Amino acid sequence: MQSEPPIVIAGGGPVGVVTALALAQQDLEVQVFEAEARVNDSPRAATTHAATLEMLESLGIVEEVMRRGLIEPKFRIWDRTNREIIAEFDFGLLKNDTRYPYVVQCEQHKLADIAVNRLRALPNATVEFSARVTSFVQHGDRVDVDVETRAGTRRVAASYLIGADGGRSTVRKALDIEFEGYTHPERFLVLTTTHGFSGVLAECSRNYYSDPDEWAALFKVAGDDGKGRWRVLFPTRPNETDERAFDEAAIQERLQKFFPKPGSYPVVHRNIYHVHQRVAASFRRGRVFLAGDSAHVNNPLGGLGLNFGIHDGMELSSLLAHVIRKESSPQILEFYDRFRRPLNVEYVQQQTVANKKRLEEKDPAARAKHHADLRATAADPAAHRAYLLRASLIDSVRKRQVAAA
Ligand SMILES: Cc1cc2nc3c(=O)[nH]c(=O)nc-3n(C[C@H](O)[C@H](O)[C@H](O)COP(=O)(O)OP(=O)(O)OC[C@H]3O[C@@H](n4cnc5c(N)ncnc54)[C@H](O)[C@@H]3O)c2cc1C
């Protein structure tokens with residue numbers, strides 16, 4: 001056990017608690033403070049890629065994630081205008097690259113719950129809900145962190161502080177680190193239906209629909225009862241209010257346009273998200289680090305944001321363990337910002353921006369070219385594999401390993 005104070009993590013979202021587990025399993029003392037009273041179960045990430053599944057395996061939680069999720073080796077990109085599949089990609093082609101040649105569709109609140117339960121069983125970890133990190137002061141040998149709880153505010157000494165406190169990160173703002181990038185003018189509407197799609201639609205649980213007027217994405221998740229739910233993602237229209245987007249008739253009209261069927265859709269959940277492409281100007285200042293959405297946010301097309309955030313946490317936990325155990329000089333902590341930031345720009349920002357552009361393209365010639373490129377990539381085994389290595393973040397992990405060698 002370390003003689004220094006614990007590592008404190010602001011934020012008990014999936015990145016915060018998985019990072020805490022990675023630290024605690026290396027015998028480090030860790031305290032997680034989560035502002036809300038419980039794990040947030042609103043529908044957000046579900047897609048867990050191969051590179052991340054390998055990391056979750058190293059933490060001993062991959063079987064549970066697979067058991068509570070759905071395994072899907074394929075994804076399809078459709079042309080909504082003629083209802084044809086433009087291209088189908090198959091992670092099965094990566095069978096020699098990973099032990100997990102598929103994605104697991106496991107909702108992020110399940111991943112967070114799994115990690116919290118594991119942390120609770122460890123003597124060197126605590127997770128406190130209804131506890132908000134409000135401010136901190138850095139010293140040469142520690143960080144004093146103020147935590148606001150129902151019982152009042154208390155000061156906690158930390159050897160290091162990790163801000164895993166989401167896109168609006170208090171930690172990032174307190175460090176005065178700019179969140180560089182932009183916010184998309186449209187927001188994303190997420191609808192969850194208990195309708196069970198059948199036929200060709202049910203063959204694959206990850207589908208993207210290109211359409212010059214209004215694109216969409218259709219995903220299946222297991223749901224808390226394991227019975228299966230489909231989620232549909234649409235961009236909101238210019239100046240569309242929440243009230244208009246959530247209007248029952250408007251929702252039915254949107255769904256029917258993409259997936260016509262007799263009778264209306266049972267919609268059990270609806271949500272609207274602002275969508276950004278932003279990366280923090282720096283992921284570290286002194287003894288304070290940013291991980292997950294506090295460091296980078298992106299559109300969800302491709303399912304990369306949380307995956308990359310977990311990779312942040314794994315890298316950071318390994319670097320901190322080496323330093324705290326005095327196996328390496330604190331200088332290695334510089335690697336975190338030096339590698340994570342450019343990797344995010346190259347593999348997450350560029351990819352998700354390209355994914356969105358391809359679905360929403362209005363220019364007929366550019367659209368035809370995107371579709372021809374997708375068909376050619378899917379038809380050529382080498383190009384298909386290369387595309388999937390990038391889409392699954394295996395490439396970004398390999399690039400980091402090469403840099404470390
Ligand atoms: C519709 C949608 C679909 C998505 N799909 C995918 C996908 O398939 N795959 C993927 O990889 N990503 C996806 N994402 C992105 C993913 O949801 C985020 O990247 C992920 O939630 C980031 O996790 P996090 O722990 O960094 O942040 P968050 O999940 O935002 O958690 C931050 C936590 O910190 C807490 N907090 C905030 N401030 C404080 C404070 N001051 N003190 C203490 N606690 C604090 C919050 O309450 C929250 O619990 C999707 C996003 C959306 C909106």
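## Aromatic pairs

F335 and F339 both belong to helix α9 (residues 334-360), where they are 4 residues apart, about one turn of the helix. Helices here are DSSP runs of H or I with at least four residues, strands are runs of E with at least two, and both are numbered from the N terminus. The model is predicted: local features need pLDDT of at least 70, side-chain atom pairs count only at pLDDT 80 or more, and totals for chains, interfaces and linings use all residues. Residues are numbered from 1 along each chain as its sequence is written, and side-chain values use heavy atoms, with hydrogens and water left out.

Rings of Phe, Tyr and Trp (its six-membered ring) pair if their centres lie within 6.5 Å; planes under 30 degrees apart count as stacked, over 60 as edge-to-face and the rest as tilted. The count by this rule is 19 aromatic pairs. In one of them, W78 and Y209, the ring centres are 5.4 Å apart and the planes are at 20°, so the pair is stacked. This pair links distant parts of the chain, with W78 in strand β5 (residues 74-79) and Y209 in strand β15 (residues 206-210), 131 residues apart. W78 counts as buried at 5% relative accessibility, and Y209 counts as buried at 4%; buried means under 20% relative accessible area, exposed over 50%, and partly exposed in between (1.4 Å probe, protein chains only).

For F335 and F339 the ring centres are 5.7 Å apart and the planes are at 55°, so that pair is tilted. F335 is partly exposed at 28% relative accessibility, whereas F339 is buried at 18%. Elsewhere, ring pairs link W78, F197, Y209, W230, F234, F258, F259 and Y265 into a cluster.

## Charges over rings

A charge sits over a ring if NZ of Lys or CZ of Arg is within 6 Å of the ring centre and within 35 degrees of the ring normal. The charged end of R80 is placed over the ring of F258, 5.5 Å from its centre. R340 lies over the face of F308, at 4.2 Å from the ring centre.

## Nonpolar cores

A nonpolar core is a set of buried Ala, Val, Leu, Ile, Met, Phe, Trp, Tyr and Cys residues joined through side-chain atoms within 4.5 Å. The largest has 105 residues, of which I77, V145, L161 and L320 touch the most other members. Helix α8 (residues 305-324) gives the largest share of this core, 10 residues.

Apart from neighbours within four places in sequence, I77 is in contact (heavy atoms within 4.5 Å) with I85, I86, A87, F89, Y208, L359, L374 and Y387. A second, separate core of 19 residues includes W78, W230, A245 and F259.

## Salt bridges

A salt bridge is a side-chain nitrogen of Lys or Arg within 4 Å of a carboxyl oxygen of Asp or Glu. The count by this rule is 35 salt bridges. One of them joins E64 and R118, with the closest N and O atoms 3.1 Å apart. E64 lies in helix α3 (residues 62-68) and R118 in helix α4 (residues 108-120), so the pair ties together parts 54 residues apart in sequence. E64 is buried at 19% relative accessibility, while R118 is partly exposed at 31%.

E203 and R76 form a salt bridge at 2.7 Å, N to O. R76 is buried, with a relative accessible area of 7%.
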